[in-house]
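This report walks through selected sites, a helix packing and the aromatic pairs of one model. Start by loading the sequence and the coordinates.

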Amino acid sequence: MSTTASDPLAALGSLPGVTDAVDSVRKAVDRVYGHRVMRRRSNEVTAEAALRGARGSAALSGADWNLEEVRRRTDFSGDGESQVIGAALRLTAEAGQLLSIWRQSPLRVLARLHLVAAGGAAPEESVGRPRLAGEPVDEPLIEAPLPDADEVAGRLEGLSGLILSGSAAPALVTAAVVHGELLALRPFGAYNGLVARTAERIVLIGSGLDPKSICPAEVGHAELGRAAYVAAFDGYLSGTPDGMAAWIAHCGRAVELGVRESTAVCEALQRGAA
């Protein structure tokens, strides 16, 4: 994060193109929240959004399963792809339970998310804590240089401080920065992408932009594709105004595609077809 303004997140919100992305996301979210189905069956929409969001996040981490297979399967203890799907489902279920803790201690929430994602699939001594010097990282999608353990610790503290100090930044900006910074740091030995996208979801819920968690950005990230995701993330890594704006706009487009997915769910429920 290259800006040094007193409210760096708010400063990012004023970058060219970001204001338009924020406005577009706000309008899209307002539209789906205004759908008549949301007045009676919002819990069903939330549950379906969670399932589809988990499937999308897992797809970005290399487990691109058909939605109906994710819906049908009950055992995720098998091969690597099964474990990724299981981790994504557990994280999505956990996200809404951590809002109050996030506002008090983001680092505790990140540790909890990694514990939930690992689910016993990682060495016990490395679960729920940032990696130590020399410990390997398994994150197949992101090939950027890996910050060392000391840098990770310092930047995590900085990210936590930004969240705790509050900001006038729009929710989309904060969510995109949290997501991007966790991808850049890859603080855990595995499941960093899943954790980063879950943290993005927590920010969007907790900010009030998507309080019922019906706008799964993970669906949009998956639909836009792994190549576009990595290219946009390279913009975040660059730290330049244009690069940061491109990453935030990409995250905004992902939210809008998540809104489109949940709008389709609402329409199906209205027709009695879901």
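## K212 in its loop

K212 sits in the loop that joins helix 10 (192-206) to helix 11 (217-224). The model is a predicted one. The relative accessibility of K212 is 39%, so K212 counts as partly exposed: it falls between the 20% limit for buried and the 50% limit for exposed.

Which residues does K212 touch, leaving aside neighbours within four places in sequence? The contacts are Y33, M38, S42 and T46. L183 is 29 residues from K212 along the chain, and the C-alpha atoms of the two are separated by 25 Å.

## S61, a buried loop residue

S61 also belongs to a loop, the one between helix 3 (38-60) and helix 4 (67-72). Is S61 buried or exposed? Its relative accessibility is 14%, so S61 counts as buried; the cut-off is under 20%.

Residues up to four places away in sequence are not counted in what follows. S61 then touches V84, E139, P140, L194, R197 and R226.

## Helix 2 against helix 13

Two packed helices are described by the angle between their axes and the distance between the axes. Helix 2 spans residues 18-33 and helix 13 spans residues 241-271. Their axes are 9 Å apart and meet at an angle of about 15 degrees. The two helices are therefore roughly parallel to each other, since angles under 35 degrees count as such. Their crossing is left-handed.

Which residues make the contact? Helix 2 supplies V18, A21, S24, V25, A28, V29 and V32. Helix 13 supplies A245, I248, A249, G252, V255, E256, V259, S262, T263 and C266. By type, the contact of helix 2 with helix 13 has twelve nonpolar residues, four polar and one charged.

## Aromatic pairs

A pair of aromatic rings is described by the distance of the centres and the angle of the planes. How many aromatic pairs does the structure hold? There are five. One of them joins W65 and F76: the ring centres are 6.5 Å apart and the planes lie at 35 degrees, so the pair is tilted. W65 is in the loop between helix 3 and helix 4, and F76 is in the loop between helix 4 and helix 5 (80-95), so the pair ties together parts that are eleven residues apart in sequence. W65 is buried, with a relative accessible area of 10%. F76 has 16% relative accessibility, so F76 counts as buried.

Y236 and W247 form another pair. Their ring centres are 6.4 Å apart and their planes are at 65 degrees, so the pair is edge-to-face; the limit for that class is over 60 degrees. Y236 is in helix 12 (residues 226-238) and W247 is in helix 13, eleven residues apart. Both Y236 and W247 are buried. Ring pairs also link these two with Y229 and F233 into a cluster.

V177 lies in helix 9 (residues 171-185). Its relative accessibility is 1%, so V177 counts as buried.

How far apart in space are V177 and Y236, C-alpha to C-alpha? The distance is 8.3 Å, although 59 residues separate V177 and Y236 in sequence. Y236 is the residue that pairs with W247, and W247 belongs to helix 13. Helix 13 in turn packs with helix 2.

Key
Residues numbered from 1 in each chain as written. Predicted model: local features only at pLDDT ≥ 70, side-chain atom pairs only at ≥ 80, totals over all residues. Heavy atoms only, no water. Axes fitted to C-alpha atoms, helices over the stretch in contact; angles between N-to-C directions. Helix = DSSP H or I, 4+ residues; strand = E, 2+ residues; numbered from the N terminus. Parallel < 35°, antiparallel > 145°, perpendicular 65-115°, else oblique. Left-handed = near helix turned anticlockwise from the far one by under 90°. Contact = heavy atoms within 4.5 Å. Nonpolar A, V, L, I, M, F, W, Y, C, P; charged D, E, K, R; others polar. Buried < 20%, exposed > 50% of the residue type's maximum accessible area, 1.4 Å probe, protein only. Phe/Tyr/Trp six-rings, centres within 6.5 Å; stacked < 30°, edge-to-face > 60°.
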